[in-house]
Amino acid sequence: MSDEGLRRSVDKMTEAGVNPVAIQVFRHYYEQLKSGATGLISEDSIAPLTEVDRLADQHPDPEAAQQALAQTVVIKLNGGLGTSMGMDRAKSLLPVRDQKTFLDLIVQQVRSARERHGVRLPLLLMNSFRTREDTLAALAEHPDLPVGGLPLDFLQNSEPKLRTDDLTPVEWPQNPDLEWCPPGHGDVYPALLGSGVLDQLLEQGFRYASVSNSDNLGATPDPVLAGWFAASGAPYAAELCRRTVNDRKGGHLAVRRSDERLILRDTAQTADEEMDFFTDEHRHPFFHTNNLWWDLVRLKEVLTERDGVLGLPLIRNTKTVDPSDSDSPEVYQVETAMGAAIEVFEGATAIVVDRSRFLPVKTTNELLLLRSDCYRIDDDGTVELLADSAPEVSLDSSYYKKIGDFDQCFDQGAPSLREATSLRINGDFRFGAEVTVRGAVELDGGAEQQLIESGTVLQ
């Protein structure tokens with residue numbers, strides 16, 4: 001295959017004003033794609049990770065922990081639109097409780113940690129071009145948030161979608177925006193470098209970064225974790241949780257046999273015939289939360305050494321240029337995972353944390369749980385599970401997948417789920433006020449909406 005596709009892609013990125021660091025990274029992955037790379041990680045090339053330190057066993061000196069938190073910046077990935085739930089703006093602007101959004105609660109968490117521990121603790125978002133405007137408008141309601149002239153965000157890069165037949169940048173005049181895609185959350189590293197924000201953080205004396213997704217309200221600022229990470233001397237660390245039967249789809253860490261480095265393997269990097277190994281919670285007992293810790297000094301050194309190209313494993317996603325049109329041209333989206341950087345850093349490590357630090361909301365199933373009385377949201381923005389364990393929730397995607405439909409069905413409030421073990425809904429139901437679910441409940445209906453009267457107890 002010729003280099004025409006790469007030349008046209010680079011010209012397109014340059015014309016659009018994409019940062020040169022991001023273009024250099026794109027070149028790297030284009031060459032891999034051209035050579036036939038798939039990014040798959042075979043089971044025989046890795047050994048399971050079976051022994052990891054636990055946060056519950058760590059007791060750093062309180063003064064040292066406070067000092068580590070004082071040198072920490074909180075970075076939240078905020079590029080997602082929540083399109084899977086029918087949203088067209090940042091998912092972090094979705095109301096969680098009492099009209100407070102994910103973003104409002106994150107701000108509360110950061111502000112509370114500043115006051116409690118006497119630290120600066122900047123909040124920094126990685127936005128996409130689709131989430132930036134609305135997010136910054138929402139943050140304008142919090143004028144006390146900026147720290148020391150630091151920006152509140154930096155922008156995720158964009159790259160062309162590539163035709164699968166010839167690896168040229170796809171053209172879609174019906175909606176030219178669909179010709180572009182983000183390079184996955186692994187772009188956080190070149191975006192942080194290329195924006196100049198990494199240098200600004202280092203100039204102001206910040207040494208560590210606590211990084212997580214904006215839809216995970218469990219990843220709160222934590223001096224114990226900051227103290228542990230600083231004392232470890234590691235350049236990079238990942239937070240893990242112990243897997244259960246419900247966590248089979250999540251990425252996991254493993255040890256690469258060739259060099260004994262820790263690596264991340266995601267679903268898209270696993271061959272279909274090896275998914276049994278991937279989903280075996282006994283073989284691979286810890287899943288990756290996407291909560292990370294970085295030593296910013298070491299990050300800058302490695303990025304400089306590699307000209308901004310960390311060389312994270314390729315993830316090749318095959319889609320159509322218009323996701324809503326299966327007949328539109330098939331394209332590759334070249335992506336990388338943020339957590340895959342663990343293999344880049346000599347001495348990188350991991351730690352097992354409590355499940356309370358992993359509360360992502362990817363579907364309306366999780367949103368219903370978070371809005372229910374299973375969880376309490378404190379004044380400091382932290383989320384606490386009140387039941388012994390969260391029940392399993394499965395909502396019929398035909399009627400509850402989109403946030404507009406979901407809100408209409410639960411417009412009188414979420415049902416009580418504290419005494420539930422599971423709630424499965426098949427069909428279209430609308431819930432009245434103060435409905436209670438106890439034990440394992442399954443509702444079966446059809447396309448005609450049925451009303452669950454106010455005060456009903458389902459058991």
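User: What does the side chain of Asp215 make a polar contact with?
Analyst: In this predicted model, the side chain of Asp215 makes a polar contact with the side chain of Lys91, at 2.9 Å.

User: Where does Asp215 lie?
Analyst: Asp215 is in the loop between β11 (208–213) and α8 (223–232).

User: Is Asp215 buried or exposed?
Analyst: Asp215 is buried, because its relative accessible area is 5% and the cut-off for buried is under 20%.

User: Which residues does Asp215 touch, not counting those up to four places away in sequence?
Analyst: Asp215 touches Lys91, Phe102, Leu359, Pro360, Val361 and Lys362.

User: Which residues does UniProt list for "binding site"?
Analyst: The unreviewed UniProt entry lists Lys91, Gln156, Gly184, Asp215 and Lys362 under that name.

User: OK, Gln156 then. Where is its place?
Analyst: Gln156 sits in the loop between β7 (153–155) and β8 (159–160).

User: And is Gln156 buried or exposed?
Analyst: Gln156 is buried, with a relative accessible area of 9%.

User: What is Gln156 in contact with, leaving aside neighbours within four places in sequence?
Analyst: Its contacts include Gly184, which the UniProt entry also lists for "binding site". Among the others are Gly79, Met126, Asn127, Ser128, Pro182, Pro183 and His185. Asp187 and Ala191 are in contact with Gln156 as well.

User: Changing topic. What domains does the assignment give?
Analyst: The assignment gives domain 1 (3–357) and domain 2 (364–452). The contact takes 17 residues from domain 1 and 16 residues from domain 2.

User: How far apart do the C-alpha centres of the domains lie?
Analyst: The C-alpha centres of domain 1 and domain 2 are 29 Å apart.

User: What area is buried between domain 1 and domain 2?
Analyst: About 1300 Å² is buried between domain 1 and domain 2, and carbon and sulfur atoms give 57% of that area. On the domain 1 side, Met85, Val96 and Arg97 supply 38% of the area buried against domain 2, more than any other three residues.

User: How many salt bridges are there between domain 1 and domain 2?
Analyst: The count is one salt bridge. A salt bridge joins the side chains of Arg116 and Asp380, at 3.1 Å from N to O.

User: And how many residue pairs are in polar contact across the interface?
Analyst: Nine residue pairs, with both residues at pLDDT 80 or more, are in polar contact across the interface of domain 1 and domain 2.

User: Which elements supply the side of domain 1 that touches domain 2?
Analyst: β4 (95–97) and α4 (102–117) each supply at least two residues of that side. The largest share, six residues, comes from α4.

Definitions and conventions. Residues are numbered from 1 along each chain as its sequence is written. This is a predicted model: local features need pLDDT of at least 70, side-chain atom pairs count only at pLDDT 80 or more; totals for chains, interfaces and linings use all residues. Side-chain values use heavy atoms; hydrogens and water are left out. UniProt positions are given in the numbering used here, feature names are shortened, and annotations may be inferred rather than shown by experiment. Helices (H or I, at least four residues) and strands (E, at least two) are DSSP runs, numbered from the N terminus. Buried means under 20% relative accessible area, exposed over 50%, partly exposed in between (1.4 Å probe, protein chains only). Contact means heavy atoms within 4.5 Å. A polar contact is a pair of N or O atoms within 3.5 Å; within protein, one must be able to donate a hydrogen and the other to accept it, and residues adjacent in sequence count only if both atoms are side-chain atoms. Domain bounds come from an automatic or database domain assignment. Buried area is the accessible area (1.4 Å probe) that two parts lose on being put together, summed over both. A salt bridge is a side-chain nitrogen of Lys or Arg within 4 Å of a carboxyl oxygen of Asp or Glu.
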